[in-house]
Amino acid sequence: MLNFLIKSRRFLFFWSLVALLALFWGCSTQKDSLVNRAYHTVNAKYNGYFNAREAYKEALKHLDENHTDNYEEVLDIFRYGSEQDRSAVQGNMEEVYEKASLVIRRHSMNIRGVEHNKWIDESYFLIGRSQFFRQEYNLAILTFEYIIREYDTNRSHDAKAWIAKANHEMGRFEQALQLLETLERRYQNGLLNKESTALFRMTYADHYRKQAEYQRAARQLEMAVNHVDSRRERARLTFIEAQLHEHAGDFAAAQQTYARVIDMRGAGYQMRFQARIGMAMAYDPEVGGGGHIRSELLDMLDEDRFSGFRDQIYYALAQLSYREGNEEEAVELFRKSAEVSEENPVQEGLAHLRLGEIFFERGDYLEASDSYTDAVSNLPSGYPDFDRISQRQQLLSELSRHERIIQQEDSLQYLAGLSPDDQIAVVDGIIDEILEKERLEEEAERERRREMQEAGQRARQAGIQQQDGGWYFYNSNAVSRGRDEFFGRYGDRPLEDYWRISNMQMMASFDMDDDWGDMDNGDPATVEDIYDRDAYLANIPNTEEQMLASQRRMMQAYFQKAMIFRDHLRDRENAIESFEEIIRSFPGSEREIQAYYYLYNLYQDLGNYNRAEQVKDDLVAAYPDSELARMLSDPEYADRIRERQSSSERLYSESYNAFFSGRHDVVRRNYQALDTLDVSKEFRARFTYLHALSLRKAEEDGYREELERVVAEFEDTPVHEPARVLLASLDSPERVAVSDPVEQPIEEPERERSEKAPVDSPYTFDPEAIHFFVMVLDTDHADPVSVNEALAEFNEEAREEDRLSVNNVFFEDGKQLITVTNFPGKESSLAYLEELRGAGVIEESREGEMESFVISVDNYPVLYQDKELDAYRTFFRYYYVQE
């Protein structure tokens, strides 16, 4: 027995020693043996790689669970989540990177250029994907390229797909397409397995989706679905395929694909519902099936489980009716969709947008204006094509404002012709109508709340719409709409801000008349208290002077309407109607000659040459000595006008260059010669303004007087506002203090600058001068009225004691200057700029949309005249930014 134990111990010792030696030799990564490969393969797979993969899967699960599908747009093929979601998984991706890197360092068996551990390329693949989700796209590409170069496995195909995805994220679609075409050839040669094919097809589809090539994207997704194992994923990709067909305009294919989604086992409740909505949205009358789709949607309206989706159901029914050609029914259903939309402002905005589009196509611009206003107030600013929608809303609101002025003035003039007793009777009737409408609205609101409570839904608090007190006696529906609502929401937006300046500049090439600008006709009447009879009666134009002012406002509104129809809506018929009304109802008015001229051109455009000749003859008869009459009668007259203008422009150009070179005697001489030339009002204003600036630079008398002349005589020209701002700065108490001479000026120590001093700059640096804050706005992307209001509100709250003034001025096409004045010097103006940035009032990050800086009172007119922003940027950076 003893011998047996001794032998057993020797046996155990021997094999323990063998195991230890095997373990020692197995740890080597440079020895290609069965033991070594087994040891490193097992440890790589079940230790580091397993943990890295679990961290990666957990991160993907988080992204998937937090991803919100927006069914108003084509769904994302890859659920990467929002920026916030991706930030939340950065820790997971860091862990993936570290653990996968550890696997490679400890278990890579790269012997003589050949990797003998099959989990190493998988670890590199994890690293590349972790870099992708950390948005380190260039690093991810390098990792994936290493896999392609070093490992001849299926992962090399997947790596190409991920490189394409990284290029998509960086907007490099050409590079991505080259890789995808390579994968297509590999697929045709049978080199891709099922998993790789699914990834490749989905990436290819995403490539086309991101570039709005929807039909190509749909074909790729159709091929991808057959290689996806997950039922849920197959249903989702099929739904996206249907959306792509719909966006491509292939409604028949979209409808059939949506129908497939409804029958798929992987489609959830929400997706099936959206598929039914999609079938209605993609309805094609040529395919048919509208009755079945409508029946399903109506059934859903009766089911409680769909009560939260009634707005979408009504919207789909409206779209179905519209496609079937039943426009009136579609309008009512779109209205119903907007009415029942409780907690989905985007859906409500979409319903109003479709209504606006329908009314716009009909030429019913007042209804379109109201619908577009509601659409813009509900849709997010990031909604596709929002800028175009917003611009149309602004244009229609302006048109609507002029139309309501016409209705209001017409009603006032009608009332003026009645006896005092009849006036009182009409006004009392209006007040009774408002009260009755409010009563009906209150009753309807109580009924709506009762119905919502019975249905078990939350009711939203709906306030009674405040009436605007308009005088639209011929249209009872218009009583609830009006300019007060427009101004309350958007402010008073003059037409020049958006289109009229460019149009008047076009007309200035034939500036035959000095009175082409807007007239000051007073504001249209408004009623402060819509229940007060005397407030209405006070606005009736009972005197001759009041009647003339009312007629001028009405005529001006017709003219502005006509110009909008002509220049923006391209609606020649309505433009002609408004111009004809000016000639018919306001003979001899300030706008009559312009109405004739525009009518002549409109009839020429329409090919109605007989009517055009009649209009020309009427213009010549009414205004025989006008330049327009001479121009239309003598085709060579326009050429002579252009030659005169060319001479004037050369004179101005010479004076402009002389101003910047300090030759103020040349400016003065040419300005005096201006009296011998026949020039337009705007041109004379520009020259007078330049002359004023020249007097200031030369330190000669007359600077204030010339500025006062610009302000007094050239109100409707672009230089009026900057001249007014400069004139106001002269009366600033800070200006007086600054102008006082000081005995011993303090010299600032010389400081090193990274930029060279501006050479031959027209600007001068005076840190003690009055300064302005200036913001340059791109009016195609930023609303000057909103920015103006934000600055005024900030000044009222944070700088009330400074009594700052905010002004808007046209700068050049598509740009406005907003100025805040006055600051007693450089430092105070820069402090204000930093306060605005700190408070978030200005957003400098939106490159090209807005730019802010400060400028001295002497340099401001130079910038306005020169309009060279780059030159001032250089000057500003050198003297104001660098410290």
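Reader: What makes Arg-570 count as exposed?

Author: In this predicted model, the relative accessibility of Arg-570 is 60%. The word exposed applies over 50%, and Arg-570 therefore counts as exposed. Arg-570 sits in the loop between helix H24 (544-567) and helix H25 (572-585), and its phi is positive, near 55°, in a residue other than glycine.

Reader: Why is Ala-212 called partly exposed?

Author: Ala-212 has a relative accessible area of 44%.

Reader: What makes a polar contact with the side chain of Arg-354?

Author: The side chain of Glu-357 does, at 2.7 Å. A polar contact requires a pair of N or O atoms within 3.5 Å, and the pair formed by the side chains of Arg-354 and Glu-357 is listed as such a contact at 2.7 Å.

Reader: Why are H10 and H11 described as roughly antiparallel?

Author: The axes of helix H10 (residues 214-225) and helix H11 (residues 231-247) come within 8 Å and cross at roughly 160°. Angles over 145 degrees count as roughly antiparallel, and H10 and H11 are therefore roughly antiparallel to each other. Their crossing is left-handed. From H10 the contact involves Tyr-214, Gln-215, Ala-217, Ala-218, Leu-221, Glu-222 and Val-225, while H11 brings Arg-234, Leu-237, Thr-238, Ile-240, Glu-241, Leu-244, His-245 and His-247. Sorted by class, the residues of this contact of H10 with H11 are eight nonpolar, four polar and three charged.

Reader: How do you know that H5 and H7 are roughly parallel?

Author: Helix H5 (residues 120-133) and helix H7 (residues 154-169) pack at an angle of about 10°, and their axes are 11 Å apart. Angles under 35 degrees count as roughly parallel, so H5 and H7 are roughly parallel to each other. On the H5 side, Asp-121, Glu-122, Phe-125, Arg-129, Phe-132 and Phe-133 meet Arg-155, Asp-158, Ala-159, Trp-162, Lys-165, Ala-166 and Glu-169 in H7. The contact of H5 with H7 has six nonpolar and seven charged residues, and no polar ones.

Reader: Which peptide bond is cis, and what is its omega?

Author: The bond that joins Thr-821 and Asn-822 is a cis peptide bond, with omega at about -5°. Asn-822 has its place in strand E5 (residues 815-823).

Reader: How many helices and strands does the protein chain have, and what percentage of its residues is buried?

Author: The protein chain has 38 helices and six strands, and buried residues make up 49% of its 883 residues. Among the contacts in the protein chain with a separation of 6 or more, 65% come from residues 24 or more positions apart.

How values were computed
Residues numbered from 1 in each chain as written. Predicted model: local features only at pLDDT ≥ 70, side-chain atom pairs only at ≥ 80, totals over all residues. Heavy atoms only, no water. Axes fitted to C-alpha atoms, helices over the stretch in contact; angles between N-to-C directions. Helix = DSSP H or I, 4+ residues; strand = E, 2+ residues; numbered from the N terminus. Parallel < 35°, antiparallel > 145°, perpendicular 65-115°, else oblique. Left-handed = near helix turned anticlockwise from the far one by under 90°. Contact = heavy atoms within 4.5 Å. Nonpolar A, V, L, I, M, F, W, Y, C, P; charged D, E, K, R; others polar. Polar contact = N/O pair within 3.5 Å; in protein donor to acceptor, adjacent residues only side chain to side chain. Buried < 20%, exposed > 50% of the residue type's maximum accessible area, 1.4 Å probe, protein only.
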